[in-house]
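Subject: Structure handover

Hi,

Here is the structure I said I would pass on to you. Have a look through it first, and then read on for my notes.

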Amino acid sequence: MTLKVLVGVSLLAFFAAGTASAACDALTQVAEATNAGNEALAKQIAGRPKPGCTVDDKAMINRVATLASFNRIVGAVGQGANLVDFEEELETIRTSSSAPWQVFDALGDINRDRRDYEAAARYYQLALEDAANEMLTPQWMAPDDAYIVRLDHMATEMRLAAPKPIKLAMRGACKISYRGVSLKKKSTPVRYVFGTAEFTQEGLISAKDLSECLKSVKPKAITLIGHTDPVGTAEANRVLSLERAEALAQYLVAEGYAGQWTTFGKGEDEPFKADDASAYDEETLNQMNRRVEVDVEN
């Protein structure tokens, strides 16, 4: 279990009293309780009537109280406890309406370590999308730019490793910018029949998902970059990767993409950089290498 995913969890050090409505004392109180590590008090405040607080204030009070619980879990893991031992509690928090992005991120780690890549992909993507919601996740609660990039990378890695297609977006349109951080290059696990540029059934599902993504973004141009695993000769793989990128381009055009497009074939030259390659067997690494990157230009 890696601790780096938990480093930097906000202790609300940057909380400003002006964030709350003038008459909403409960939000300031719950932030102070969380800063002090008083989880019990934070929960009490969240459970009390909240006179003078708006609907948005009340939602934020619940999220801050949830962070008090999460910070306690982080502290325990920092002292040597196993994150997986807190999975049931994290799942309980997740099913509430106040789960912050940190909870989804931790659940992504748990499922990645047990090799449930489908679940991990969804949790990392949900963490990213929750973090991007500037109403529910104000700046003092948000991940920094580097962590946003990491969440996107982990969601991508899990999609590539998963045995079944995972959608590029969980809660709506495919986004290429999160809190001003550009994430316009998407690695798509379009699967092909071995040695050909013909989609498998799973590949067709991924291609359709990408088509829907592009319809939401409406880019003026895209670049499709094909990649293969190292099985076979380098030249054959370069040719095959280009053919696969071109097959995907033709599919997208047939499905309604009207912008400009360019294709490249990298073959086996640029393997996917996994967060921890030692966590995967050779076949899974090869599966992650067999991909098409889509660079979106708005």
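To get your bearings, the protein has 10 helices and 6 strands. Keep in mind that this is a predicted model. Along the principal axes, its C-alpha atoms fill a box of roughly 65 × 40 × 25 Å. There are 298 residues in the protein, and 51% of them are buried. If you take the contacts with a separation of 6 or more, 73% of them are between residues 24 or more positions apart.

Now for the inside. As a general point, nonpolar side chains in soluble globular proteins tend to be buried together. In this model the largest nonpolar core has 43 residues, and the members that touch the most others are Leu83, Leu90, Tyr124, Leu151, Met158, Tyr280 and Met288. At least two residues of this core come from each of helix H3 (55-78), helix H4 (87-94), helix H5 (101-113), helix H6 (117-132) and helix H7 (145-161). H6 gives the largest share, with 11 residues. There is also a second, separate core of 22 residues, with Leu214, Val217, Ile222 and Leu252 among them.

Apart from neighbours within four places in sequence, Tyr124 is in contact with Asp105, Gly108, Asp109, Arg112, Leu151, Met154, Ala155 and Met158.

Ala119 counts as buried because its relative accessibility is 17%, and the cut-off for buried is under 20%. Ala162 is 43 residues away from Ala119 along the chain, yet their C-alpha atoms are separated by 8.8 Å.

I also looked at two helix pairs.

The axes of helix H2 (residues 39-47) and H3 come within 9 Å of each other and cross at roughly 160°. Angles over 145 degrees count as roughly antiparallel, so H2 and H3 are roughly antiparallel to each other. Their crossing is left-handed. On the H2 side you will find Glu39, Ala42, Lys43 and Ala46, which meet Ile61, Asn62, Ala65, Ala68, Ser69 and Arg72 in H3. Sorted by class, the contact of H2 with H3 comes to 5 nonpolar, 2 polar and 3 charged residues.

Setting aside neighbours within four places in sequence, Ile61 is in contact with Cys24, Ala26, Leu27, Val30, Ala46, Lys50 and Cys53. From Ile61 to Lys43 it is 18 residues in sequence and 9.4 Å in space, C-alpha to C-alpha.

The second pair is H7 with H10. Here the axes of H7 and helix H10 (residues 282-289) come within 8 Å and cross at roughly 115°, which makes H7 roughly perpendicular to H10. The crossing of H7 and H10 is right-handed. Glu157, Leu160 and Ala161 of H7 make the contact with Thr284, Gln287 and Met288 of H10. By class, the residues of this contact are 3 nonpolar, 2 polar and 1 charged.

Terms used
Residues are numbered from 1 along each chain as its sequence is written. This is a predicted model: local features need pLDDT of at least 70, side-chain atom pairs count only at pLDDT 80 or more; totals for chains, interfaces and linings use all residues. Side-chain values use heavy atoms; hydrogens and water are left out. A nonpolar core is a set of buried Ala, Val, Leu, Ile, Met, Phe, Trp, Tyr and Cys residues joined through side-chain atoms within 4.5 Å. Buried means under 20% relative accessible area, exposed over 50%, partly exposed in between (1.4 Å probe, protein chains only). Helices (H or I, at least four residues) and strands (E, at least two) are DSSP runs, numbered from the N terminus. Contact means heavy atoms within 4.5 Å. Axes are lines fitted to C-alpha atoms, for helices over the stretch in contact, and angles run from 0 to 180 degrees between N-to-C directions. Angles under 35 degrees count as roughly parallel, over 145 as roughly antiparallel, 65 to 115 as roughly perpendicular and the rest as oblique. A crossing is left-handed if the near helix is turned anticlockwise from the far one by less than a right angle, and right-handed if clockwise. Ala, Val, Leu, Ile, Met, Phe, Trp, Tyr, Cys and Pro count as nonpolar, Asp, Glu, Lys and Arg as charged, and the others, Gly among them, as polar.
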